[in-house]
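Thanks for coming, everyone. I'll keep this short. Have a look at the model first.

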Amino acid sequence: MLLSLEGATIRFGGRPVLDAVDLDVAEHEIVCVLGPSGSGKSTLLRAVAGLQSLDAGRVVLGGRDQAGVAAHKRGVGLMFQDHQLFPQRDVGGNVAFGLRMHGAPKGRQALEVGELLELVGLPGAERRAVAELSGGEQQRVALARALAPRPSLLMLDEPLGQLDRSLRERLVVELRELFGELGTTVLAVTHDQGEAFALADRVVVMREGRIAQSGTPLEVWQRPADEFVARFLGFDNVVEATVSGEAADTPWGKVPVPEGARQGPGTLLVRPAGVRLVAAADGLRCTVAARTFRGTHVAVHLQPEDAPRLEAACALRDAPEPGDEVGVEFDAAETVVLGEPPAA
Amino acid sequence: MALPVAFFAVFFAYPVAAIVARGLKADGAWQFGRIGDVLAQSDIRHVLWFTTWQALVSTVLTLLIALPGAYVFARFDFRGKQVLRAVVTVPFVLPTVVVGTAFLALVGRGGLLDQLWGVRLDTTVWAILLAHVFFNYAVVVRTVGGLWSQLDPRQEEAARMLGASRFAAWRKVTLPALSPAVAAAALMVFLFTFTSFGVVQILGGPTFSTLEVEIYRQTSEIFDLATAAVLTMIQFVAVGAILVVHARTVRRRETALRLVAPETTARRPRGAGPWALLAGVLASIVVLLVLPLGVLVQRSLDAPGGYGFAYYRALASADGGIFLVAPIEAIGNSLEYALAATAIAVAIGGLAAAALTRRNTGRLVRGFDALLMLPLGVSAVTVGFGFLIALDKPPLDLRASWILVPLAQALVGVPFVVRTMLPVLRAVDGRLREAAAVLGASPWRVWREVDLPMVRRALLIAAGFAFAVSLGEFGATVFIARPDNPTLPVAVARLLGRAGDLNYGQAMALSTILMVVCAVALLLLERVRTDRTGEF
């Protein structure tokens, strides 16, 4: 393992911000820590960088315990949330900073800065002032600056947080390609699940200083570990249920579950795609409370009698109007009993 | 942090401790009874009373005269405002000796008022009080006016819309927001006037004596070191108390206020009232601040054979017999000492400010912060006296070394450096430093690469202040400057101490030179000053 956190704990005024976190990052792996604000994910990066000391546990980098190793001697890179470019230096000065700190000769500095700027798509920008860069350009410069000293581990704090949506979607693809090409080991944190799923080989979901789930994007998406993870991923159709055989007993009535689902009481997730609209007489009777246009589909919010609301994903032309009465059927393929180990 | 602490331990704490020991220790035993003995003397009690009284009156007078000025500078926009602001600040960096001399030329024997109407004030307390107002006008205008100009006028307008009269709105909204700044300024003025030395020494004559002057008199004229030590301790305690109150007030001042850019709050005066106020403030500035300096220059040129540079030429010869060298050489001495002192003050103060920014939490650090301020108030005379009795034994026998004077001057300059640098350093985003550290910069490199470029201007300003303060430093220097190497203020004071028109004229001429050097230094600073830099 390139990076191992073993029982890493940090408390602010008695309250644990990181609570006995164990995390491994293998070489060339891209790991994305995902969590709401205040879940301790930025503190995790600061602990690895050496900007924040641990109250308990260890940070091991390349097999060496980092206790007592100052930030500037750890050889990791960190890209800050709002970039933190040095305002009094131009683009080239910013990118060259780490090289200078490591005593690289002038000629090599200039050469590498040129290459890095080319790599991040800003060729020839050396003499430009930092203040005149757009948000996306600043982000690229920050990335080039972090990459320049060739850190063994590159950490990104909300790397695309402040950019607008289209730029974000483009950059996330570029980043993944770039890291793949360079073979960089990356530990990123973000609160944006789309960003995390697009970027990462492995996603780690954090909640209140603890790791709630760790797995490939697909695993986490398909089988959220618990209600918190499911709701954080944007799923709202989560209820208490009792599974017996191929169906679960829920406030929405009997809901079919996949074959081999764990039996007994548990928590059930029905993905919006698994909520099918039928004629009012043929299923669970619901009133359409609201609809939200989502681009590729319409999210329809349904209010059953005496049961929690349901969200359904509908094709554009099939979407009912608010106030309509509809019936609901469930699709076993889109339901998940939470907390189940992934099927072997 | 280690270096500044060591500096203060050796050159401040140790001398002060030496004073205490000298005063209260006889035959190896502590004699605390001496404190009572000294306090029982009626003339000492009178000095204490007068010191407090004149400081209080000076403070009230300064506030009365300078607060309208603060308002005008904060809220009015008029042509020449920038120049006027600089003019108002000049007195603050002027050496006390120059101020004393200027007022002597205005209200003293043979002074302008004496010639015109036969009015002399140099035997009255008024000369001292006016000189104190002259000195501290800028403190009030800078501290109070600075905040006033950033208070959002719409807050007052909101109160007006809710039914408050113009005065009620000011009293209920602006005054509470302003009062901590007024209190802080008042305390600063009180501190400066409480420890006033040069002004009282020159204008007070034999009748008026502050603690500081009395300490000087006891050591250099009566040679009663025990009494001087006790007086020093009394002053030390008083100044410590004032500084504690000041620190509290300043911390309270940092409470959340709605601050806006100063440019947006100033308007052109409109109507008879505002114009009258502006005219009044301008008149008070001319009479109180510009006139004394003008008279000083005029006197320096008013030689027996008609206007000319006779007195200046006389400075170049050693014939006067007061000095071993020509008075003009004092200029060179002063500049050399001041440059050395500035270098020391900037190094020590810069390191201290950097250390304070790194760890800006914790009681220890706050204590250190306050400690750095002490030399500002703990009289220069104390410092000079302490140097004299503490640094005379190996391994610290510096009596014969030229470095003694710059060290004392640096001690007085350090607080200015720290006060100027701290706000700017604290404004540097901590994560920029972290970004540099993660990129491989050691703490020292971080300071050089991140902090230094951003505080270069502040550093320049701090250096300028330290230079001006060192150049004009009188209280400590007068103790320790060697007779053959006088500084400008010491030379002026000595010339004034002798009778004769030539000496008087030479004092005026030397003072003028000193004033010009200080004013030029300040005006250069005004060009690089940013609004963020400190409160001085």
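Start in chain A, with one pair of residues. A:Val76 has A:Leu153 as its bridge partner in β7(A). A quick word on the ground rules. This is a predicted model, where local features need pLDDT of at least 70, side-chain atom pairs count only at pLDDT 80 or more, and totals for chains, interfaces and linings use all residues. Residues are numbered from 1 along each chain as its sequence is written, while chains are lettered from A and ligands numbered from 1 in the order in which they are written.

Back to the strands. β6(A) pairs with β7(A), residues 153-157, in the parallel sense, over 4 bridges. To pair, two strands need at least two bridges found by DSSP. Strands are DSSP runs of E, at least two residues; helices are runs of H or I, at least four; both are numbered from the N terminus.

Now the whole sheet. It is open, with 6 strands in the order β6-β7-β8-β3-β9-β10 (chain A), and the pairing is mixed. What stands at the edges? β6 (76-79) and β10 (210-215) of chain A do, each with a single partner strand, so one side of each has no neighbour in the sheet.

Over to chain B, and helix packing. α5(B), residues 96-107, packs on α7(B), residues 125-148, at about 130°, axes 10 Å apart. Axes are lines fitted to C-alpha atoms, for helices over the stretch in contact; angles run from 0 to 180 degrees between N-to-C directions. The two helices are therefore oblique to each other. On that scale, under 35 degrees is roughly parallel, over 145 roughly antiparallel, 65 to 115 roughly perpendicular, and the rest oblique.

Who touches whom? On α5(B), B:Val99, B:Gly100, B:Phe103 and B:Val107 meet B:Ala127, B:Leu130, B:Ala131, B:Phe134 and B:Phe135 of α7(B). Contact means C-beta atoms, placed from the backbone, within 7 Å. That contact has 8 nonpolar residues, 1 polar and no charged. Nonpolar is Ala, Val, Leu, Ile, Met, Phe, Trp, Tyr, Cys and Pro; charged is Asp, Glu, Lys and Arg; the others, Gly among them, are polar.

α7(B) also packs on α13(B), residues 272-301, at about 100°, again with axes 10 Å apart. That makes the two roughly perpendicular. Here B:Leu130, B:Val133, B:Phe134 and B:Tyr137 of α7(B) meet B:Leu288, B:Leu289 and B:Pro292 of α13(B). The count is 7 nonpolar, no polar, no charged.

Last, the chain contact. Chain B gives 16 residues and chain A gives 16. On the chain B side, α19(B) gives the most, with 7 residues.

Definitions and conventions
Two residues are in contact if their C-beta atoms, placed from the backbone, lie within 7 Å.
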